[in-house]
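Here is my note on the model you sent. Please read it with the structure open beside you.

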Amino acid sequence: MNYRHAFHAGNFADVLKHVVLTRIVEYLKRKEAGFFVLDTHAGRGRYDLRGEEAERTGEAAVGIGRLFGVAVPELVHPYLDAVGAVQHEREALRWYPGSPRIVRALMRSQDRLFAAELHPEDAAALKAEFAGDRQVRTLAIDGYQAIRAYLPPSERRGLVLIDPPFESADEFSRLVSALGEGLKRWATGTFLVWYPIKHRRQVDDFLSETALSCRPRPTLCIELLLRRPDGILLAGCGLVVVNPPFVLGEEMSGLLPFLAKTLRDGPAPTTRLEWLNAQL
Ligand code: SAM
């Protein structure tokens, strides 16, 4: 386990993932009944953008940093509010909230969050981040195991975020199996899965397998590519959303052009917004 999210916190991939995450949580809040969120690869919950790791890559400056000082669509406000909530006085952008902290910022008193993190240091930081918080349970376990152990939740409505580090060669196939396992246990839950785009072919194979294994449930694919994939560098990233809120496609068709323009790293960023199983 070499991956440390502190190097990448607040980068363009986090911005896309966390904007979509906040749109889903905001949708869940439309009903009074409480919801449940399982964050299978939660990270440490909060990152210091002036820490050595973040400073070394500078990724946050061209990620979340780009959303400061520009006009931001209203649908992005819950995300920016969650980012604002972790700043200390008079500091515009020093800290970046990870996915569990973002979900927690939007939760109401009737909602619950379970957050799993396997790296011992990050798991300890996550535990400290939510110490004494009765609505959050942190778990120092394998996130895929958490899917088997904690689904379905008693709330019967909510979200599973699966955001692995892609350190192992078989991560794409583990994701397909995990989605299958999760849906078997909780057919009506919303599942949000993040993936990197380096090799187009590898990603397209993953998406075809996912579409087959998730059908007939509605499955939305959302991508942001900053450059053409060359098989080596991270060219872009994507999200698969199974059982998305019905408004998510429409919301993202408005937000993706804004995100592409704001986060671009070259002349021609591209986006994709597609129902994966429309023709199956
Ligand atoms: N979801 C976080 C966010 O959006 O702020 C970022 C998560 S980061 C991409 C992936 C995390 O998964 C890392 O913190 C890593 O230590 C952790 N991890 C790696 N293997 C894991 C496993 N099998 N189960 C749970 N966590 C794992």
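1. Ground rules. This is a predicted model, in which local features need pLDDT of at least 70 and side-chain atom pairs count only at pLDDT 80 or more, while totals for chains, interfaces and linings use all residues. Residues are numbered from 1 along each chain as its sequence is written, and side-chain values use heavy atoms, with hydrogens and water left out.

2. The ligand shell. The ligand is surrounded by 20 residues. The closest are His-18, Glu-117, Asp-142, Gly-143 and Asp-163. By type, the shell holds six nonpolar, nine polar and five charged residues. Here Ala, Val, Leu, Ile, Met, Phe, Trp, Tyr, Cys and Pro count as nonpolar, Asp, Glu, Lys and Arg as charged, and the others, Gly among them, as polar.

3. Polar atoms at the ligand. A polar side-chain atom of Asp-142 sits 2.7 Å from a ligand nitrogen. A backbone N or O atom of His-41 is 2.8 Å from a nitrogen atom of the ligand. Ser-99 places a polar backbone atom 2.8 Å from a ligand oxygen. On its own the ligand has 600 Å² of accessible area, and the protein covers 96% of that. Such areas come from the Shrake-Rupley method with a 1.4 Å probe.

4. The core. Which residues touch the most other members of the largest nonpolar core? They are Leu-16, Tyr-79, Tyr-195 and Ile-222, out of 89 residues. A nonpolar core is a set of buried Ala, Val, Leu, Ile, Met, Phe, Trp, Tyr and Cys residues joined through side-chain atoms within 4.5 Å. Helix α1 (residues 12-28) gives the largest share of this core, 10 residues. Helices are DSSP runs of H or I, at least four residues, numbered from the N terminus.

5. Glu-171. This residue is in helix α7 (residues 171-185). Buried or exposed? Glu-171 is buried, because its relative accessible area is 4% (buried means under 20%, exposed over 50%, partly exposed in between; 1.4 Å probe, protein chains only). Beyond four places in sequence, Glu-171 touches Tyr-144, Pro-164, Pro-165 and Phe-166. Contact means heavy atoms within 4.5 Å.

6. Arg-185. Arg-185 also lies in helix α7. Arg-185 is partly exposed, with a relative accessible area of 30%. Leaving aside neighbours within four places, Arg-185 contacts Ile-147, Arg-148, Leu-151 and Pro-152. Pro-153 is 32 residues away in sequence, yet 9.5 Å from Arg-185, C-alpha to C-alpha.

Notes:
Near = heavy atom within 4 Å. Polar contact = N/O pair within 3.5 Å; in protein donor to acceptor, adjacent residues only side chain to side chain. Helix = DSSP H or I, 4+ residues; strand = E, 2+ residues; numbered from the N terminus.
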